[in-house]
Amino acid sequence: MTPHLQNSLPARRNWLRRLGLLGLLSLAASAQAENGNAATWPSRSIKWIVAYPAGGGSDFLARQLAPQLSKQLGQQILIDNRPGAGGGIGTDAAAKSAPDGYTWLSGDNGAMVFNSAMYKKLPYATSDFQAVGLMARFPLLLVVNPQAGFSSVGQWLSDVKKNPGKFSYASPGVGSPHHLAMELLKERSGSFIVHVPYRGTVNAVQDLLAGVVPMAILDTAASLPQIRAGKLRALAVLSSKRVAQLPDVPTFEELGLKGVDVSAWQGMFLPRGTPEAVNQKLSAELQKALLLPELKARLEEFGLEVTPGDAAGLSRFVQQETETWHRLIRERKLAAE
C-alpha cells in the first residue's frame, strides 16, 4: 500500500463516521419534528372542506361538529364549502392541500367510492387520502310532492312501471349517494325513471316543493323539516330499518322489495402524508365528540345514525363499499362527464 493511501485511510474513516452520524441526526430530527408537530398540533386555525353546497346533509353534519371539535382542540375551525362535479372539486382541493393536519375533508360515498367508477378521469385518487374515522350515516328516503298523486309505495311502483320514462326524480347531483340509491331501486323494481341532477340538495328540494319534479331521493337531514311541515311526503326508507323520527314510514324490504339497503355516509379524511400521530389524535377527538350525549341527540333528531369509528375501520368500510358499488355502476353502465 502506498504512503498516500495509508495517510488517507484515517481521514476517510473519519469522514464516513461523520456522514453516518449526520444521517442518524437527520433521522432523529425528522422524527422529533413529526412528534413535535403532533404534540403542538393544532397551533392555528383549521379548514374543513365540505364538497357540497351549504344547507345539505354534509354541510349540516360538519357545522354541528365543528364547534365541539374547536372547543376540544382549542382552535377555530372554518367550514369551506366547495361544491361541484359530484363532490370532485372540493375533494380535489383537499387532495392537493399540505399534509399537515390543517385541512380536513368530509368524504362521502360519492367522492370516495362512486366517482372513481363514474368518471373516466378524476383529478384526484382515493389513495391521495388517509382515513380518520366514520362520522355518521344518513338514511335515504323516497320523497314525493303531495300534489304528485302518490299515496303509497304500492301505487307509486305500479304507476312508474306502467309508464316507463314518464316520471322524473331529483337528486343532489350525478354520482351522489342519492343518485346511486335510486339506480339501485330502479334495478330492483324493474322501473325506468328519468334522473334530474341538481347542484346540491337545496336546489333539488326547492324544485320538488314547487312541483317541477314529482319525487326525489333525499337524506333525512335535508327532508325531515319539510316532511314534518307536511310540504313533502316520505313513502319509504331505503335502508334496512325504519327511521326513528318517521316510525310510520316503511322500508322497501318490509314492502317486499328485497336488496334495497343503502344510505349516504360521511367520513373524515386527511391528505396522504399527514403525520400518523396527528391522524390518531384527530381520530380520537372526533370519536370523543360524536359520543357526547347532547351532540349525538341533536344529530339523531335530524335522522342521522351516529357511527363513530377509527381510521382502520373507515378504510375497511370504503373498500367494501367500492367492491359493491363499482359492480352496480358497471352493470348499469352509469357514467358522468
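Student: In which segment does Lys 333 lie?

Tutor: In this predicted model, Lys 333 is not a glycine, although its phi is positive, at about 50 degrees. Its relative accessibility is 72%, and exposed means over 50%, so Lys 333 counts as exposed. As for its place in the chain, Lys 333 lies in the segment after α11.

Student: Ala 85 also has a positive phi in a residue other than glycine; in which loop is Ala 85 found?

Tutor: The phi of Ala 85 is near 55 degrees. Its relative accessible area is 42%, so Ala 85 is partly exposed. The residue is found in the loop between β2 and α3 (88-95).

Student: What is the omega of the cis peptide bond that joins Trp 41 and Pro 42?

Tutor: Pro 42 is found in the loop between α1 (3-40) and β1. The bond that joins Trp 41 to Pro 42 is cis. Its omega is about -5 degrees.

Student: Is Ala 39 buried or exposed?

Tutor: Ala 39 is found in helix α1. Its C-alpha atom is separated by 9.4 Å from that of Lys 281, 242 residues apart along the chain. A relative accessible area over 50% means exposed. The value for Ala 39 is 62%, and therefore this residue is exposed.

Student: What is the handedness of the crossover from β1 through helix α2 to β2?

Tutor: Strand β1 (residues 46-50) pairs with strand β2 (residues 77-81) in the parallel sense, over 5 bridges. Within this pairing, Val 50 has Asn 81 in β2 as its bridge partner. Between the two strands the chain passes through helix α2 (residues 57-73), and the β-α-β crossover is right-handed.

Student: Is Ser 106 buried or exposed?

Tutor: Ser 106 lies in strand β3 (residues 103-108). Leaving aside neighbours within four places in sequence, its contacts include Trp 48, Ile 49 and Val 50, as well as Met 135 and Gln 266. Its C-alpha atom is separated by 9.6 Å from that of Ala 94, 12 residues apart along the chain. Because its relative accessible area is 5%, Ser 106 is buried.

Student: Which residue in β6 is the bridge partner of Ser 168?

Tutor: Ser 168 lies in strand β5 (residues 168-171), and at 16% relative accessibility this residue counts as buried. Strand β5 pairs with strand β6 (residues 194-197) in the parallel sense over 4 bridges. Among the residues that Ser 168 touches, not counting those up to four places away in sequence, are Ile 193, Val 194 and Val 196. The bridge partner of Ser 168 in β6 is Val 194.

Student: Which helix joins β5 and β6 in making a right-handed β-α-β unit?

Tutor: The two strands pair in the parallel sense. The β-α-β unit that they make with a helix is right-handed. That helix is α6.

Student: At what angle do helix α6 and helix α11 pack?

Tutor: Helix α6 covers residues 177-189 and helix α11 residues 311-331. Leu 180, Leu 184 and Glu 187 in α6 meet Trp 325, Leu 328, Ile 329 and Glu 331 in α11. The residues of this contact divide into 5 nonpolar, no polar and 2 charged. The crossing is left-handed, the axes are 11 Å apart, and the packing angle is about 65 degrees.

Student: How many of the residues of strand β7 are buried?

Tutor: Strand β7 (residues 215-219) has both faces covered. On one side Met 215, Ile 217 and Asp 219 are buried, and on the other Ala 216 and Leu 218. The number of buried residues in β7 is 5 of its 5.

Student: In which sense do β4 and β7 pair?

Tutor: Strand β7 pairs with β5 in the parallel sense over 2 bridges, and Ala 170 stands opposite Ala 216 in β7. With strand β4 (residues 129-144), β7 forms 5 bridges. In β7, Leu 218 is the bridge partner of Leu 141. The sense of the pairing between β4 and β7 is antiparallel.

Student: What percentage of the 337 residues in the protein is buried?

Tutor: The secondary structure comes to 11 helices and 10 strands. Among contacts between residues at least 6 apart in sequence, 78% join residues at least 24 apart. Buried residues make up 50%.

Conventions: Residues numbered from 1 in each chain as written. Predicted model: local features only at pLDDT ≥ 70, side-chain atom pairs only at ≥ 80, totals over all residues. Heavy atoms only, no water. Axes fitted to C-alpha atoms, helices over the stretch in contact; angles between N-to-C directions. Left-handed = near helix turned anticlockwise from the far one by under 90°. Contact = heavy atoms within 4.5 Å. Nonpolar A, V, L, I, M, F, W, Y, C, P; charged D, E, K, R; others polar. Pairing = 2+ DSSP bridges. Right-handed = clockwise from strand over helix to strand, strands pointing away. Buried < 20%, exposed > 50% of the residue type's maximum accessible area, 1.4 Å probe, protein only.
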